[in-house]
Amino acid sequence: MKQFQDLVEEVQKPGLCRHCGGCVNFCTAINYGALDFDKNGTPYMKRTEQCIECGLCYTICPETREMDTELKINFNWNPPLGNYIKIQSARSKDPRIRNRATDGGAVTAMLLFLLHREYIDGAIVSKQKNSFTREPYLATNEQEILESAGFNMEQSQGMQELSTQYSTYSSSIDKLGPVKQKRLSRVAFVGLPCQINTVRKMQALGIVPSDAIKYYLGLFCSGTLVLGEKERKELERLGNFKWEQLRKINIKEDLMLHLQNGQVKHISLDDVDFMKRYACFFCDDYSSEFADISFGGLGAKEGWTTVVTRTPAGRSIYLQAREEFLEEYGYIDRSQHLEEITEKCRQYSKLKKRQAKNMRHNLKSS
């Protein structure tokens with residue numbers, strides 16, 4: 001059975017670690033505590049004596065490809081974008097959410113619906129830390145969910161907020177803020193494709209902390225963008241703007257830079273490859289294929305979100321949320337629009353799979 005050292009040799013050293021955090025978060029939740037993140041967010045062996053050599057850290061890693069067949073069978077996966085029930089365009093009915101959100105605020109609206117209906121006790125999201133940097137956060141009320149709305153510029157180990165405060169004995173999560181415990185066993189998880197992948201593997205194996213997650217809300221991902229000082233300066237040059245002019249960043253068919261004066265700068269995604277993590281070039285999942293519902297801006301009109309309902313559970317909560325929290329795109333060109341966004345989802349999924357395949361071929365040949 002392969003162990004964490006095999007992850008280091010096969011995944012970390014070649015630069016393929018996606019920083020999803022699954023290995024560390026499982027080890028933390030199960031109260032072993034052998035693994036931890038270094039200052040760059042890379043997993044490392046912190047306490048060798050705590051490791052019981054179970055090998056699960058290797059199994060749940062999205063890069064090792066273990067359990068891929070099982071997941072595809074469980075979710076009736078079909079190429080190129082996985083199983084889905086319906087693809088449509090929607091947005092929040094609440095203008096407060098739309099004003100804060102990157103696209104139509106559909107994710108935020110869905111989380112508020114789940115919270116109001118008491119389907120969940122909280123949601124693992126990411127919130128603004130500083131200028132275009134976000135951090136994992138466990139939101140347990142409406143205001144905290146609203147504060148999490150907006151573009152996720154950097155990947156964050158959202159599971160960390162669950163695993164570090166999750167007790168395998170009481171199935172509880174400590175509420176952030178004042179030292180007070182609250183029993184949470186129904187959590188919505190918002191994550192990128194690699195994060196959804198590793199947590200679904202945990203679920204399939206019946207290991208913590210996945211047992212507390214009730215709904216999986218996936219995000220479209222062209223690749224995680226790193227925004228250091230060097231990257232910011234190059235982005236300013238490409239877009240011909242100053243950083244202090246920037247109001248919002250969005251990704252649809254290209255990178256959209258919304259300025260304070262209302263102007264929108266468009267930069268081809270091919271031109272921002274320099275900002276993308278190396279490991280992301282090897283990921284072949286564009287639309288979070290194992291989520292209950294996937295969300296993204298691709299194909300949607302400005303101010304709307306493309307929504308892919310995949311599982312019966314996902315379709316059920318979407319239809320319920322539509323009654324009060326969500327509205328669907330219903331203009332004259334609706335039928336044509338839905339055909340267009342479905343085709344774009346297929347195209348971008350194919351493109352990402354082809355890119356990942358080529359990168360793996362080149363890596364093996366080098």
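These notes cover the backbone, a helix pair, a sheet and one further helix.

1. Basis. This is a predicted model, in which local features need pLDDT of at least 70, side-chain atom pairs count only at pLDDT 80 or more, and totals for chains, interfaces and linings use all residues. Residues are numbered from 1 along each chain as its sequence is written, and side-chain values use heavy atoms, with hydrogens and water left out.

2. Cis peptide. The bond between Pro79 and Pro80 is cis, with omega about 5°. Pro80 sits in the loop between helix 4 (68-74) and strand 3 (86-92). Helices (H or I, at least four residues) and strands (E, at least two) are DSSP runs, numbered from the N terminus.

3. Positive phi at Glu53. Glu53 is not a glycine, yet its phi is positive, near 60°. Its place is the loop between strand 2 (43-45) and helix 3 (56-59). Glu53 is exposed, at a relative accessible area of 54%. Buried means under 20% relative accessible area, exposed over 50%, and partly exposed in between (1.4 Å probe, protein chains only).

4. Positive phi at Ser288. Ser288, also a residue other than glycine, has phi of about 50°. The loop here runs between strand 13 (264-267) and strand 14 (293-296). Ser288 is buried, with a relative accessible area of 0%.

5. Helix 6 against helix 11. The axes of helix 6 (residues 106-116) and helix 11 (residues 312-324) come within 10 Å and cross at roughly 90°. Helix 6 is therefore roughly perpendicular to helix 11. Helix 6 brings Met110, Phe113 and Leu114 to the contact; helix 11 brings Ile317, Tyr318, Gln320 and Ala321. By class, that is six nonpolar residues, one polar and no charged. Axes are lines fitted to C-alpha atoms, for helices over the stretch in contact, and angles run from 0 to 180 degrees between N-to-C directions. Angles of 65 to 115 degrees count as roughly perpendicular. Contact means heavy atoms within 4.5 Å. Ala, Val, Leu, Ile, Met, Phe, Trp, Tyr, Cys and Pro count as nonpolar, Asp, Glu, Lys and Arg as charged, and the others, Gly among them, as polar.

6. Three strands form an open sheet in the order 11-12-13, with antiparallel pairing. Strands 11 and 13 are the edges; each has a single partner strand, so one side of each lacks a neighbour in the sheet. The twist averages 20° from one strand to the next. Two strands pair if DSSP finds at least two bridges between them.

7. Strand pairs. Strand 11 (residues 246-251) has five of its six residues buried, so the rest of the structure largely encloses it. Five bridges link it antiparallel to strand 12 (residues 255-259). The two are joined by a hairpin of three residues. Ile251 has Leu255 of strand 12 as its bridge partner. Leu255 also stands opposite Ile267 in strand 13. Strand 12 and strand 13 run antiparallel, joined by four bridges. Helix 10 (residues 229-239) packs on the sheet, touching strands 12 and 13, and its direction makes about 105° with that of strand 13.

8. Helix 12. Helix 12 (residues 334-365) has 32 residues and reaches 47 Å from its first C-alpha to its last. That is close to the 46 Å expected at 1.5 Å a residue. The expected span is 1.5 Å times one less than the number of residues. Its buried residues include Leu338, Ile341, Cys345, Lys352 and Lys353. Strand 3 and strand 15 (305-309) are among the elements covering the buried residues of helix 12.

Methods. Angles under 35 degrees count as roughly parallel, over 145 as roughly antiparallel, 65 to 115 as roughly perpendicular and the rest as oblique.
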